Amino acid sequence: MFDDKKVLFSGMQATGNLTLGNYLGALKNWVDMCNDYMTFFCVVDQHSITIRQEPAEFRKRARNLLTLYIAAGLDPEKNCIYYQSHVLEHAELAWILNCYTYVGELQRMTQFKDKAAKHADNINAGLLTYPTLMAADILLYQADLVPVGVDQKQHIELTRNLAERFNAIYGETFTMPDIWLGKKGRKIMSLQDPERKMSKSDENPNASIYLMDDPDTVRRKFKRAVTDSIGEVRYSEEQPGISNLIDIYCSCTGKSTEECESEFRGLGYGVFKEAVGESVVSVLQPLHERFDELSKDKAYIDKIIVENADKARYYSEKTMRKVRKKIGFPERPKI
Ligand code: TRP
């Protein structure tokens, strides 16, 4: 809570190619929710260096992600859109929280275990303390609500534990954040294996729709999407492929599951898949146009970056002044 307004905080990493799943499951929800909160949407670039990044490519991806936040419909005059690395308080609070976090708590995190197995040659300390940096992101802004994917649930629970632990020692300092897992908690699944989540890093290029895919690629991937032999457009557990396509169609058109089922009753999968493809194209095309336009306006994006980092710093300093004082750090001379 800041200035009597509820705060919503979320962030994304600029690694890999963003998918339709990232858009429908995260960005689009942020846009739908942003009017009811004071919001902070962060490009969490400091989290990304727990895995090696190629510097030039990394810088470009981070800027593209920040631009995409705006292209998706988040007005940067109203929503604070910024880079994590521009606000030093994130790293400062992360260090402090590390001193209130048990190594055992971090070692238990499933994401740490997965990433450690995947990058066995680089199990760096940052990979282990990734969740305390994430907790710092959230607690710095006194966030009330944090929309994230279900894979981040454990990290939010840790954040809540840390807030509670710190508040118990020093008195009320941090707002207790709530997790928001999305409408009905449904995920967008792979088009080739609908039992698996649509992923940024799938080896099969037909499995994921990338946000930057051109219209023909999108249409082709939907034509090839895996379905079943039942032959009915119906939302059911026996039809994971079709159910996923229904979710995508409803998300893109705003229609309900029932409306979708009756619209395609008796029409066959070919017609349905084509319609799903078109519904996605009609969402992605304006997104591409806005993205291209914004990308060309370098001065505008630069100005947003400076102004919003200032705003983020203003609010994070409010929290940090309290934190430093409560811990007992010496007062800072005015600079
Ligand atoms: N760890 C999150 C993810 O991979 C990204 C993230 C970092 C985040 N800090 C955050 C999300 C704070 C929400 C709030 O999806």
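**Charged pairs**

Glu307 counts as partly exposed, at 37% relative accessibility. The model is predicted: local features need pLDDT of at least 70, side-chain atom pairs count only at pLDDT 80 or more, and totals for chains, interfaces and linings use all residues. Residues are numbered from 1 along each chain as its sequence is written, and side-chain values use heavy atoms, with hydrogens and water left out.

Student: Which side chain meets Glu307 in a salt bridge?

Tutor: A salt bridge is a side-chain nitrogen of Lys or Arg within 4 Å of a carboxyl oxygen of Asp or Glu. Here the N to O distance is 4.0 Å. Both partners lie in helix 13 (residues 298-327), four residues apart; helices are DSSP runs of H or I, at least four residues, numbered from the N terminus. The partner is Lys303.

Student: Is Asp310 buried, partly exposed or exposed?

Tutor: Buried means under 20% relative accessible area, exposed over 50%, and partly exposed in between (1.4 Å probe, protein chains only). The relative accessible area of Asp310 is 43%, so Asp310 is partly exposed.

Student: How far apart are the closest N and O atoms of Arg313 and Asp310?

Tutor: Arg313 and Asp310 are three residues apart in helix 13, so about one helical turn separates them. Their closest N and O atoms are at 2.8 Å.

Key
Helices (H or I, at least four residues) and strands (E, at least two) are DSSP runs, numbered from the N terminus.
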